[in-house]
Amino acid sequence: MQCYRPVHPVKALTFDLDDTLYNNEPIIRHADAALNQKIRNDYPALSAMTNDDWFTIKKALINKNPKLASDMGKLRWQTLFTALGKAQLADTERAQAASELFDFFYAARSDFQVEPDIIAVMEKLAEKVPLVAITNGNVDTDMIGLAPFFSLTLHASVTRPRKPYPDMFEEAIEHLSLPPQHIMHVGDNLIKDVLGAHKVGMQTAWLACNREMDLRAEKLAILPGVQLSSLDELLLMVD
């Protein structure tokens with residue numbers, strides 16, 4: 001552990017999920033590959049679509065409704081619905097197909113278990129202080145084994161702007177009914193997590209499980225309060 005700022009008593013913890021408590025990239029890569037194969041099998045008219053084609057649809061949807069950039073679920077559903085226009089389905093069939101494909105992806109995206117050592121630490125932390133999840137993603141915390149530890153899980157959406165916007169941090173502060181300086185947010189992204197939490201007065205801890213933690217290799221706007229070497233170091237910081 002390396003401290004960059006004075007540490008105040010920590011009475012609650014908030015957590016980013018993806019790439020903080022598990023490596024998300026291979027999970028998403030696997031889910032995308034499975035979805036693409038299902039699309040090729042079930043809707044041959046879409047089989048020739050490239051990554052650029054999908055990106056173009058997403059970009060157009062966000063340009064039309066910028067709030068979709070905060071809601072990965074709705075963005076993916078609308079992207080699928082738009083692409084399925086190539087399949088020449090009736091509107092009701094097209095919407096049903098988009099929902100079926102989205103549900104398939106969502107199940108695949110959440111089809112993993114967090115490592116037992118991480119679960120063990122989260123269980124110990126939850127016995128000491130309240131925990132809240134704050135994520136820009138849409139993982140199912142029940143499926144991956146983390147839900148029992150959180151008193152609240154906040155997912156970014158069209159009505160709940162993504163980090164680093166303050167909305168989810170402020171919602172967590174209100175839920176916890178604690179001064180923000182006694183809440184520590186733990187996350188892997190120095191902009192979305194560290195800067196976002198710092199701006200609302202929370203303490204911050206930087207922890208990335210998917211890469212070497214080297215500040216020189218990161219986009220840096222502000223130093224975290226502490227840099228963790230492992231999740232269990234948080235046990236030294238809570239009552």
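Guide: Let us begin with a term: a residue counts as exposed when its relative accessible area is over 50%, as buried when that area is under 20%, and as partly exposed in between. Arg 216 has a relative accessible area of 77%, so this residue is exposed. Please keep in mind that this is a predicted model.

Arg 216 has a charged partner: it forms a salt bridge with Asp 214, and the closest N and O atoms of the two are 3.0 Å apart. Salt bridges with shared partners also make one network out of Asp 16, Lys 163 and Asp 193. The count of salt bridges comes to 10.

Another of these bridges pairs Asp 188 with Arg 211, with 3.1 Å between the closest N and O atoms. This pair links distant parts of the chain, 23 residues apart: Asp 188 sits in the loop between strand 5 and helix 8 (190-199), while Arg 211 belongs to the loop between strand 6 (203-206) and strand 7 (226-227). With a relative accessibility of 8%, Asp 188 is buried, whereas Arg 211, at 29%, is partly exposed.

Now turn to helix 1, where Arg 29 and Glu 25 are four residues apart, about one turn of the helix. They form a salt bridge, and their closest N and O atoms are 2.4 Å apart. Arg 29 is partly exposed at 49%, and Glu 25 is also partly exposed, at 43%.

Next comes the backbone. Most residues other than glycine have a negative phi, and most peptide bonds are trans. Asp 19 has a positive phi, near 70°, and is not a glycine. You will find Asp 19 in the loop between strand 2 (12-15) and helix 1 (25-42). Its relative accessible area is 16%, so Asp 19 counts as buried.

Ser 177 also has a positive phi without being a glycine, in this case about 55°. Its place is the loop between helix 7 and strand 5 (183-187). Ser 177 is exposed, because its relative accessible area is 62%.

A cis peptide bond joins Lys 163 to Pro 164, with omega about 15°. Pro 164 itself lies in the loop that runs between strand 4 (152-155) and helix 7 (167-176).

Note on methods. Residues are numbered from 1 along each chain as its sequence is written. This is a predicted model: local features need pLDDT of at least 70, side-chain atom pairs count only at pLDDT 80 or more; totals for chains, interfaces and linings use all residues. Side-chain values use heavy atoms; hydrogens and water are left out. Helices (H or I, at least four residues) and strands (E, at least two) are DSSP runs, numbered from the N terminus. Buried means under 20% relative accessible area, exposed over 50%, partly exposed in between (1.4 Å probe, protein chains only). A salt bridge is a side-chain nitrogen of Lys or Arg within 4 Å of a carboxyl oxygen of Asp or Glu.
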